[in-house]
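Biologist: Please take a close look at one part of this model, the charged side-chain pairs. Then set them in the context of the sheet, the cores and the chain contact.

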Amino acid sequence: MTIFEKMREAAQLNADKPDPALLPTPRQLRRSTIAAVIGAAFIGVGVYLPAEYGIDPTGVGNVLGLTEMGEIKQQLAREAAEDELLHGGGDQSSSLVDDIFGLFVGAAHAQEVWTDTVTFTLAPDAATEVKLVMAEGDVAEYAWVAEGGRINFDLHAHGDGQSVDYDRGRGATDGAGSIEAPFPGEHGWFWRNRDDSDVTVTLQLRGAYSEVVRSE
Amino acid sequence: MSSNSTGLRALASRRVTALLLTALAVYASSVAQALAHDVTPGDAGYIQEIWGVHVISFIYLGAKHMVTGYDHILFLLGVVFFLYRMKDVAIYVSIFAIGHSVTMLAGVWWGWGINAYIIDAIIGLSVVYKALDNLGAYQKWFGVQPNTKAATLIFGLFHGTGLASKIIEYDISDEGLLWNLLAFNVGVEVGQILALFVILIVMGYWRRSSAFMSQAVVANVIMVGLGLWLTVIQINGYLAAA
């Protein structure tokens, strides 16, 4: 008696032995296996490669709109890797800082004069950064509008070994508020156009900061 | 002569078991990155950059989530393990689909996010429950057979809550949410059918072997173990996060 048979006897399975008449024949099974292998190959090449890697040898992924997904994922992966190199990795965002900062983000006060205006146009899938160099405790106010399409943004800061993510948005057309720097460094926006047409953003700024830095 | 052929058969059955375990291990390692509670950063990252209706993209993401969701696949395997008629397979899988669709859609729509570790621990227990059911444990311990269809529905509801918790983490844009969500649900069912197709082929070969019934005991004992393992991992994750 094998160990399996002993276990079988002890266990009293909740089922009877399969009736051979109910089971698929070897021929049916062979056919299904071949169908599964062919299907897997089609899905792998026509769906999986485009949707994960943006590689689309058949053009099917493009028709389905999945190639764009793969391209975005690859782009994000590259950016994450670059970011890791730049900032030494590890998520240093402090949720406490985030919470405290949250108190200071509100509607911009209605005042008349803006000191700086930054205007830029992004083609679809293009991105740029606009950062304010601020000292700890500095407060800057901002208001922006997007024209020609809708824009994605990530308002964040890093410097002094710290980083914080203030606000994110997608498909937005305007925004306003203020930034109070919880630590010295660069505070500002990463902008990316995920829309289908060129988008022009006009960003107006005032308050305490020493410099406006733009980078592609 | 006869003892020789028995020995060969025992060897063959051991090889089948080893092959299955290897396949399972390879599968588990290929989806190991999903073990961490977040949905893969790539999918979430993509979703967080888009807005509006993207039907095919969300069908793909739903199917991917199901096919790489080893906990759902294990439960599905347990449910169909002893279903020899296609009609029964269709009935039980439909019950499971109805269960997880209801809580998945309602959960995301009304934001019933339950702690993902807790819901995944329950999903691990659903695997344990079904494998014990297959082993006839409830009849043996309590002298009763709990309704298997009701159990499939109830655990389906829990699996759907787990899906909802993960979709909420995806942070899908409000714009086009309903259509994208429905597409994701369709994708989950597509993924389930694809997985089922493979499971039924493997089970088809296996059931034809004379050693099926004795190996079935081992397989379901292993499933109890895997379900417990998943549960412990999730409880540990919960305690570590708390």
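Modeller: Start in chain B, where the side chains of B:Lys130 and B:Asp133 form a salt bridge with N and O 3.3 Å apart. This is a predicted model, so read each distance as computed from its atoms. Both residues sit in helix α6 of chain B, which spans residues 116-134. They are three residues apart there, so about one helical turn separates them. B:Lys130 has a relative accessible area of 8%. For B:Asp133 the value is 2%. Since buried means under 20%, B:Lys130 qualifies, and B:Asp133 does too.

Over all chains, the whole structure holds 16 salt bridges.

Now move to chain A. A:Lys131 pairs with A:Glu129, and their closest N and O atoms are 3.5 Å apart. A:Lys131 counts as buried because its relative accessibility is 2%. A:Glu129, at 21%, counts as partly exposed.

Next is A:Asp154 with A:Arg168, a salt bridge of 3.7 Å from N to O. A:Asp154 lies in strand β4 of chain A (residues 151-159), and A:Arg168 lies in strand β5 of chain A. The pair therefore ties together parts that are 14 residues apart in sequence. Here the two ends are in opposite classes. A:Asp154 is buried at 16% relative accessible area. A:Arg168 is exposed at 55%.

These strands belong to an open sheet in chain A. Five strands make up this sheet, in the order β5-β4-β7-β2-β9, with antiparallel pairing. Its edge strands are β5 (162-172) and β9 (211-215) of chain A, and each of them pairs on one side only. On average, neighbouring strands of the sheet are turned by 15° against each other, direction ignored. Strand β2 of chain A covers residues 127-134 and pairs with β9(A) in the antiparallel sense, over five bridges. A:Lys131 returns here: its bridge partner in β9(A) is A:Val213.

Salt bridges also cross between the chains. Between chain B and chain A there are six. A:Lys73 and B:Asp43 meet through their side chains, at 2.6 Å from N to O. There is also a network of salt bridges, which links A:Glu79, A:Asp125, A:Arg192, A:Arg194 and B:Glu49.

The contact itself takes 46 residues from chain B and 42 residues from chain A. About 3,800 Å² is buried between the two chains, and carbon and sulfur atoms give 66% of that area. Together with B:Trp51 and B:Tyr60, B:Glu49 supplies 19% of the area that chain B buries against chain A, more than any other three residues.

Last, the nonpolar side. The largest nonpolar core has 67 residues, and B:Phe81, B:Phe82 and B:Phe212 have the most contacts inside it. Helix α9 of chain B (residues 177-208) gives the most to this core, with 11 residues. Leaving aside neighbours within four places in sequence, B:Phe212 is in contact with residues including B:Phe81, B:Phe82, B:Met203, B:Trp206 and, from the other chain, A:Pro18. Apart from this core lies another, of 27 residues, among them A:Phe120, A:Ala140, A:Tyr142 and A:Val164.

Conventions. Residues numbered from 1 in each chain as written. Chains lettered and ligands numbered in written order. Predicted model: local features only at pLDDT ≥ 70, side-chain atom pairs only at ≥ 80, totals over all residues. Heavy atoms only, no water. Pairing = 2+ DSSP bridges. Helix = DSSP H or I, 4+ residues; strand = E, 2+ residues; numbered from the N terminus. Axes fitted to C-alpha atoms, helices over the stretch in contact; angles between N-to-C directions. Core = buried A, V, L, I, M, F, W, Y, C linked by side-chain atoms within 4.5 Å. Buried < 20%, exposed > 50% of the residue type's maximum accessible area, 1.4 Å probe, protein only. Contact = heavy atoms within 4.5 Å. Buried area = accessible area lost by both parts, 1.4 Å probe. Salt bridge = Lys/Arg side-chain N within 4 Å of Asp/Glu carboxyl O.
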